[in-house]
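Visitor: Before the model comes up, I would like each term tied to its criterion.
Guide: Then ask as we go.

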Amino acid sequence: MASAPSEAPPAPIEVSAVKFVVAGGFGVGKTTFIGAVSEVRPLTTEAAMTAVSDGVDDTTHVSAKTTTTVALDFGRISIDPTLILYLFGTPGQERFGFMWDDLAVGAIGGIALVDTRRIDDSFVAIDWFEARKVPFVVGVNTFDGAERFAIEEIREALGVAPEIPVLPCDARSKAEVKDVLVALVGHLAAGSGVTLDA
Amino acid sequence: MSTTGPEDGFIRPFVITGGRTAHRTDLQLDTLLSAAPARRPRQLGFEHRAVIALCEHPISIAELATSLDLPVGVITVVVDDLLEAEQVVVHRNRSATVSADVLERILNGVRAL
């Protein structure tokens with residue numbers, strides 16, 4: 001019995017969100033990277049992230065998981081009226097690395113940002129993407145004064161698989177950040193056996 | 001004799017949520033919400049009305065938290081109330097699976113930036 005009032009409310013348009021995660025060591029330029037392409041300036045939110053539950057007895061009344069609040073940055077790109085791309089930066093502090101798992105939920109791709117002056121910091125991000133099976137590309141942040149290494153040298157130092165794109169990226173440059181995102185989309189397409197036009 | 005009073009202007013999060021912390025686990029940072037098209041008028045608190053107002057356009061949990069300067073944990077409780085009251089709706093079709101269509105649109109969208 002559709003007793004619609006004079007003006008039936010339109011159903012809300014179904015909108016989808018996709019999520020990319022930007023990971024890397026502290027100060028590698030995650031916020032700058034997000035800000036280069038986000039339509040809003042990078043926003044910071046305080047989110048409760050699930051923390052370790054090892055050794056905690058599970059009971060019926062108390063969740064074994066505990067949470068800790070961390071600050072994380074994110075940006076938004078409205079792709080079209082029904083698709084929104086969110087870029088979430090991992091909490092930069094090393095001690096929160098183990099809490100990134102919540103961010104991986106629903107993430108379709110990732111960007112590991114690498115600072116060639118502190119390449120060891122990059123392994124946490126790369127290992128994390130690999131362990132969660134989140135396809136990723138590597139952006140090598142070219143800081144002023146940082147020694148310019150050949151991309152192949154960096155690839156070797158990082159030990160990433162040959163099919164994973166590694167490309168230079170000045171996080172302040174919108175064009176270069178776009179290149180990294182385009183490379184990621186291409187990598188996602190290749191990984192899922194999809195051929196993209198253009 | 002209280003040492004702190006209302007004059008400090010700080011409202012603790014548990015006041016807004018009525019002391020509740022439990023929330024649906026399916027509300028993620030990037031979960032999108034819209035205001036329900038047909039809403040019955042309800043007596044709602046300030047935060048609840050503020051969330052509905054922001055939901056006029058699709059918006060994520062993370063953006064709601066930032067816009068209202070409230071912790072994500074508070075936003076999820078408020079949103080849970082609003083879902084219960086049928087004041088907002090969740091966009092269910094999260095593109096967790098990568099389709100050629102979605103990738104193509106992202107590619108075009110990024111190139112157009």
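Guide: Two residues are in contact if their C-beta atoms, placed from the backbone, lie within 7 Å. By that criterion, in this predicted model, the contact takes 41 residues from chain A and 34 residues from chain B.

Visitor: Which elements give two or more residues to the side of chain A that touches chain B?
Guide: In chain A they are strand 1 (16-24), strand 2 (43-50), strand 3 (67-80), strand 4 (83-89) and helix 5 (174-191). Helix 5 of chain A gives the most, with seven residues.

Visitor: How many nonpolar, polar and charged residues has the side of chain A that touches chain B?
Guide: That side has 28 nonpolar, six polar and seven charged residues.

Visitor: What is the order of elements in chain B from the N terminus on?
Guide: The order is α-β-α-β-α-α-β-α, which comes to five helices and three strands.

Visitor: Why does the span of helix 5 of chain B agree with its number of residues?
Guide: Helix 5 of chain B has 12 residues, 100-111. The expected span takes 1.5 Å times one less than the number of residues, so this helix should span 16 Å; its end C-alpha atoms are 16 Å apart, and therefore the two agree.

Visitor: What makes a residue of that helix buried, and which residues are buried?
Guide: A residue needs 20 or more other C-beta atoms within 10 Å of its own. Across the 113 residues of chain B, buried residues make up 35%.

Key. Residues are numbered from 1 along each chain as its sequence is written. Chains are lettered from A and ligands numbered from 1 in the order in which they are written. This is a predicted model: local features need pLDDT of at least 70, side-chain atom pairs count only at pLDDT 80 or more; totals for chains, interfaces and linings use all residues. Helices (H or I, at least four residues) and strands (E, at least two) are DSSP runs, numbered from the N terminus. A residue is buried if 20 or more other C-beta atoms lie within 10 Å of its own, exposed if 12 or fewer, and partly exposed in between; C-beta atoms are placed from the backbone. Ala, Val, Leu, Ile, Met, Phe, Trp, Tyr, Cys and Pro count as nonpolar, Asp, Glu, Lys and Arg as charged, and the others, Gly among them, as polar.
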